[in-house]
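My notes follow the sequence and structure.

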Amino acid sequence: MKLTIGFSPCPNDTFIFDALINKKIDTGGVEFDAVLEDVQTLNQWAIEGKLEITKISFGVLPLVSNRYNLLNSGSALGMGVGPLLISGPADKPIDVNQQLIAIPGENTTAHLLFSLKYPEARNKVFVRYDEVEDFVLSGKGLGVIIHENRFTYEQRGLTKITDLGDYWEQQTGVPIPLGGIVIKKSFDAATQQKVSDLIKRSIEFSYSNYPTISDYVKLHAQEMDDAVMLKHIDLYVNKYSLDLGEQGHKAVSKLLDVYAQMNTAIPTPGNA
């Protein structure tokens, strides 16, 4: 059996899927065809039902739950891992509601968290996550950063306005559900469980060699140095990645509740 799986080129995802994709573990006759894309592209593809297994932002889960199930392994959750709202050098208070805000994708968890904190801020533009810093540096407005930009924005002279993850934690008391792995409901329960188990084994294999960073992770991280890659992995790969567990599922349920409260009508994607 051959399955198509989508995930981002970020170090946390390539760390998770390295052993699975490159057959460093026994996959029990299952082959995986990897498609690496930015998270907003993967979110859109999930709405369209394009891939059999894919990484998504938890912010898009309500829009795809009619055709995908969430797997227990491969997720990114945690405390202190949320997106940041940033500006250029600031010497006076900024009225966020009056600014143009660059958001890393309309259906991302980052957008949901920003909207939760700033419900009146509606002047937004949606860009790739790696374009946000340049948007802010060019003086166009503010930006919400995710992924490795958490570790680099200060080096570029940018300033944190709000840690949106801290705000979520204060409001809910649960970890921030950033991204998860979903599989089409058309697969039987045994196949879904097998894929989840294989992802867990892939993570365990990568951890068994940690902190050595594999060539696969380095290849897709491009210009990122080893120290930043390690910080990235340490922040986004943890016990919830191995198994969501009770606390992880509670966090996801809370996010779905918040989404429902913020959206009086949830758009319904096409039939599976």
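These entries take the sheet, then the helices on it, then a helix pair.

Entry 1, ground rules. I am reading a predicted model, where local features need pLDDT of at least 70, side-chain atom pairs count only at pLDDT 80 or more, and totals for chains, interfaces and linings use all residues. Residues are numbered from 1 along each chain as its sequence is written, and side-chain values use heavy atoms, with hydrogens and water left out.

Entry 2, the sheet. I looked up the strand order and found an open, mixed sheet of five strands, β8-β7-β9-β6-β10. Strands (E, at least two residues) and helices (H or I, at least four) are DSSP runs, numbered from the N terminus. Two strands pair if DSSP finds at least two bridges between them. β8 (124-126) and β10 (159-163) are the edges, each with a single partner strand, so one side of each has no neighbour in the sheet. I also checked β7 (residues 101-103), which pairs with β8 in the parallel sense over three bridges. Ile103 stands opposite Phe126 in β8.

Contact means heavy atoms within 4.5 Å. By that rule α4 touches β6 (84-87), β7, β8, β9 (142-145) and β10. Helix α7 (residues 164-172) lies across β6, β9 and β10.

Which residues of α4 meet α12? Thr109, Leu112, Ser115 and Leu116 in α4 meet Leu255, Val258, Tyr259 and Met262 in α12.

Definitions and conventions. Axes fitted to C-alpha atoms, helices over the stretch in contact; angles between N-to-C directions.
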